[in-house]
Amino acid sequence: MDKREGSVVRAEPGTKPGTSRREILAAGLAGLAVPGLAAPLVAPLISLPARAAPATPAMNHSPAPPAGEGAPGRARPPEDLRFGAGAPLRSPFRPGEILREPQVRRSVNGELVTTLRAAYGYRDIGGYRLYLRGFEDQMPGPTLRAQPGDVLRITLINDLPPNREQMPAYMNQPHMLNLTNFHVHGLHVSPSGLSDNVLRTMEPGQAYQIEIRIPEDHPRGTYWYHPHHHGSADVQLSSGMAGALIIEDGPEQVPEVAAAKDVTLVLGEVVFDGFGMVEGFDALFSETSVRFLSLNGQRAPTITMRPGEVQRWRLVHAGYQDDLFLHLADHKMQAIARDGIGLVIIGEGEVCTDQMERRDTVLIAPGQRIDVLVKAGAPGSYELKALPYDQGYPSPFGPIATLKVEGDPLEMALPGRLVPPPLPTIRDEEITNRRRVVFSAVVPENEAAAHWREFTFLIDGRTFDINRVDHAVKLGAVEEWTLVNAHFHDHIFHIHVNPFELIKVNGEDVPPVWLDTVVLPRNGSLTFRSRFTDFPGRYVLHCHMMNHEEMGMMQLIEVS
């Protein structure tokens, strides 16, 4: 793990890193062994004492909106809630509250200087009071908005408790759940040093500097950030440690898109154990672990539009495991960008393995982003929901939000064209090398009755090894890769730093589309091309079904 000199900034004297045993005892997590604690917890539930976060440098981002204007406030600890032994706490829940967009932090004069604090906190969502890890006491974390050419200067404070256990000899299982780091998913930036370096280790009780320089010619679009420390990434992401990152539009955007209201929608899969926490893999691994779906940290909120209005919804799938097959009643969601990169033709680029004939749905996989335009119809209420979908096992389904169309008509137009694609297509004569990569799994005879330790997820017949380079690539290479899925479940392929141009699905040509995350069909294949430009260093490719990544389905790339 990289612990480069100068990467660590000590917390201010007198501050209290992490969540102490005394405080979690007071939180009433009866009988649960929490990483960082030496004994089971048995205390009744009372309020936690307040404590200050470590002092942080000045921030230059735009100020947060007041409470009630899009910034979810810090959840308070429970006061007088009774509960049965081992049962999650319940809290009042009324479906249909107005959608809250995440707090926004914008760059100023070419820099976004801010702090992100990772810590436990209470989250009231969907009738439950959960105690989860998160950024800035928010679920999801703040939305970061920047411009091409900007620099992100982030102080990440790891205020999680110390880890209880030592580093295990076998790395491809959940471990050291409070180590973390910071990944900007989809950005074409350096993977080294203080930048988008997922090989860094950020320990509890410390603050770390992150400096990410965005190229001047970076595609404008929707990206996101989340932890990526191998061993803890799945638990942290499933707790809601994630947020949107938007490279804002430029003057070249078509007028119809520029005129549409810009709405950030972060999709989540809410999971928790019997204590309202996520403290181990048993809460995550079963294919039916998801309790319900969320949108911007809310369960079944209401989105409002006027008849005829057009809105741009930036859909970010920040869930940890499953595809979502989205359907908006009596409306069409028209994709204009995927994974931050504008499309040539509205609606293209979807890779489905189930119900391919449907034209009234949008499939979004974990890690993907899809920008869609929605034109509101007649006044009324319309359900946005995830439909049943087969990805080799049933994806979660159910309500996500309600679209309420009301008020005076606001007739707006949909675009007849999109802006030219930001990345040129890769020609046959550019190819310098070809590779074949095989995804597979070893599974027990009866999956439903098996423990997660009985599964192994492999790439090219091997599990991840931090000390083994699986792909050595020359800087400037242009390569064609064929991915083969020898498993009877879909997987989600993601590669860091460089996006790729998808050209074939199951051996058949498709209209080329630029992505950084894609569904790898079960018992099928994908072919893509990619330019390995600008940035040498080590980074990873992996399955973005994070259960699978954590259990070995990841490889190390070195570009030099």
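Guide: Look for T482, which stands opposite T527 in strand β31. Seven bridges join β31 (residues 525-531) to strand β26 (residues 478-485), and the two run antiparallel. Strands here are DSSP runs of E with at least two residues, numbered from the N terminus, and two of them pair if DSSP finds at least two bridges between them.

A word on the source: this is a predicted model, where local features need pLDDT of at least 70, side-chain atom pairs count only at pLDDT 80 or more, and totals for chains, interfaces and linings use all residues. Residues are numbered from 1 along each chain as its sequence is written, and side-chain values use heavy atoms, with hydrogens and water left out.

Now step back to the sheet. Six strands form an open sheet with mixed pairing, in the order β24-β23-β26-β31-β28-β29. At its edges you find β24 (456-459) and β29 (508-515), each pairing on one side only.

Let's return to β31 for its link to a loop. R531 forms a salt bridge with E430, their closest N and O atoms being 3.3 Å apart; the term asks for a side-chain nitrogen of Lys or Arg within 4 Å of a carboxyl oxygen of Asp or Glu. Because E430 lies in the loop between β22 (398-405) and β23 (433-442) while R531 is in strand β31, the pair ties together parts that are 101 residues apart in sequence. Both E430 and R531 are buried, that is, under 20% relative accessible area (1.4 Å probe, protein chains only), where exposed is over 50% and partly exposed is in between.

Note on methods:
Helix = DSSP H or I, 4+ residues; strand = E, 2+ residues; numbered from the N terminus.
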